[in-house]
Amino acid sequence: MSSTAGQVIRCRAAVAWEAGKPLVIEEVEVAPPQTNEVRVKILFTSLCHTDVYFWEAKNPLFPRIYGHEAGGIVESVGEGVTDLKPGDHVLPVFTGECKECAHCKSEESNMCDLLRINTDRGVMLNDGKSRFSINGRPIYHFVGTSTFSEYTVIHVGCLAKINPLAPLDKVCVLSCGISTGLGATLNVAKPAKGSTVAVFGLGAVGLAAAEGARIAGASRIIGVDLNSNRFKEAKKFGATEFVNPKDYNKPVQEVIAEMTNGGVDRSVECTGNIDAMISAFECVHDGWGVAVLVGVPHKDAVFKTHPMNLLNERTLKGTFFGNYKPRSDLPSVVEKYMSKELEVEKFITHTVPFSEINKAFEYMLRGEGLRCIIRMEE
């Protein structure tokens, strides 16, 4: 066991004290892990749009430590943890796999009853308390990970043990958005070699979906985005054509249907915009077309399409985290990178030291780049 096992660790963490205000590097106390918990030393973390969204949101859970895309090393484990030990390399994941509920036992689902994402919970499941504090004041967790801290405590079900040879400064981005887009294509849309695929939204998740189509051997990958400047970047991920809906006087689904002799074989929607979702469904070919929804819509949004679109044998699917079970499946995604089947480096556009973490937020807010890696050790 680690020499610090069972002890409180004092370390640096980037604390959000209030909505939309710069994070503050503070010395925090991180309590030892309890039953089914693991304390992890975070070496690299990345900024995802979800962190920014909740950092900007005026919800009551402040002060809080954000962060959920990361790579680290197990420092110590709590009682009941048998499949991880100090020194193991892990990727924390915002959703989990308890391996015991009906979802975890199903080959078709990855939506764990116990550890499914919960953005409103800022404490640990075991006792309803935080493992972070400053001078006795609790600091809230975020989606069970809180990786903007040199040490964090995570439920064992939200940690994927990976190949120790995999570079954590690269594969850390696989613990959220990249795997979500990649899996949406490979696991859910499942395009055949030589097929046509449309990807709606060319942010990091959409580009990962395009990367999945490239890996699957799609012959045409049509990128759809309102920002024409994104097509140059999208070509690196396999996109062969680009459509900006603003350039046409008719619905983009009609444009795509004309381009592809009746519609694409598969589409993947990665924006969360309800109109894009409808277009993604209606642009697939009748008889065999499959549309996969990835983006999270506004809570009041309503999906409307004519029932004949379904009766004409189009299929509409949704996916969560690319249908990957975190503990069971994520290690194999890392192996795709290790075997050079999956290129991760092209998603990483910036790197900053932990002391400059607010620069990562600035990049994201300005729409610059895809992923910014934050080095915890300086």
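Cys112 is buried, with a relative accessible area of 0%. The exercises below concern this predicted model.

**Exercise 1.** Determine how many disulfides the structure holds, and why Cys112 is in none of them.

*Solution.*
1. A disulfide requires two cysteine sulfur atoms within 2.5 Å.
2. For Cys112, the closest cysteine sulfur belongs to Cys98, at 3.6 Å, which is too far for a bond.
3. Cys283 is in no disulfide either, as the nearest cysteine sulfur, in Cys270, is 12 Å away. Cys283 is buried, with a relative accessible area of 0%.
4. The total for the structure is 0 disulfides.

**Exercise 2.** Classify the crossing of helix 1 and helix 11, and describe their contact.

*Solution.*
1. The axes of helix 1 (residues 49-56) and helix 11 (residues 357-365) come within 11 Å and cross at roughly 95 degrees.
2. Angles of 65 to 115 degrees count as roughly perpendicular, so the two helices are roughly perpendicular to each other.
3. Helix 1 contributes His49, Val52, Trp55 and Glu56, which meet Phe361, Met364 and Leu365 of helix 11.
4. By type, the residues of this contact are 5 nonpolar, 1 polar and 1 charged.

**Exercise 3.** Count the aromatic pairs, then characterise the pair of Phe94 and Phe320.

*Solution.*
1. With ring centres required to lie within 6.5 Å, the count is 12 aromatic pairs.
2. Phe94 and Phe320 are 5.9 Å apart centre to centre, with 85 degrees between the planes, and the pair is edge-to-face.
3. Phe94 lies in the loop between strand 5 (89-92) and helix 2 (102-105), and Phe320 in the loop between strand 15 (315-318) and helix 10 (326-338); the pair links distant parts of the chain, 226 residues apart.
4. Both Phe94 and Phe320 are buried.

Notes
Residues numbered from 1 in each chain as written. Predicted model: local features only at pLDDT ≥ 70, side-chain atom pairs only at ≥ 80, totals over all residues. Heavy atoms only, no water. Buried < 20%, exposed > 50% of the residue type's maximum accessible area, 1.4 Å probe, protein only. Axes fitted to C-alpha atoms, helices over the stretch in contact; angles between N-to-C directions. Helix = DSSP H or I, 4+ residues; strand = E, 2+ residues; numbered from the N terminus. Parallel < 35°, antiparallel > 145°, perpendicular 65-115°, else oblique. Contact = heavy atoms within 4.5 Å. Nonpolar A, V, L, I, M, F, W, Y, C, P; charged D, E, K, R; others polar. Phe/Tyr/Trp six-rings, centres within 6.5 Å; stacked < 30°, edge-to-face > 60°.
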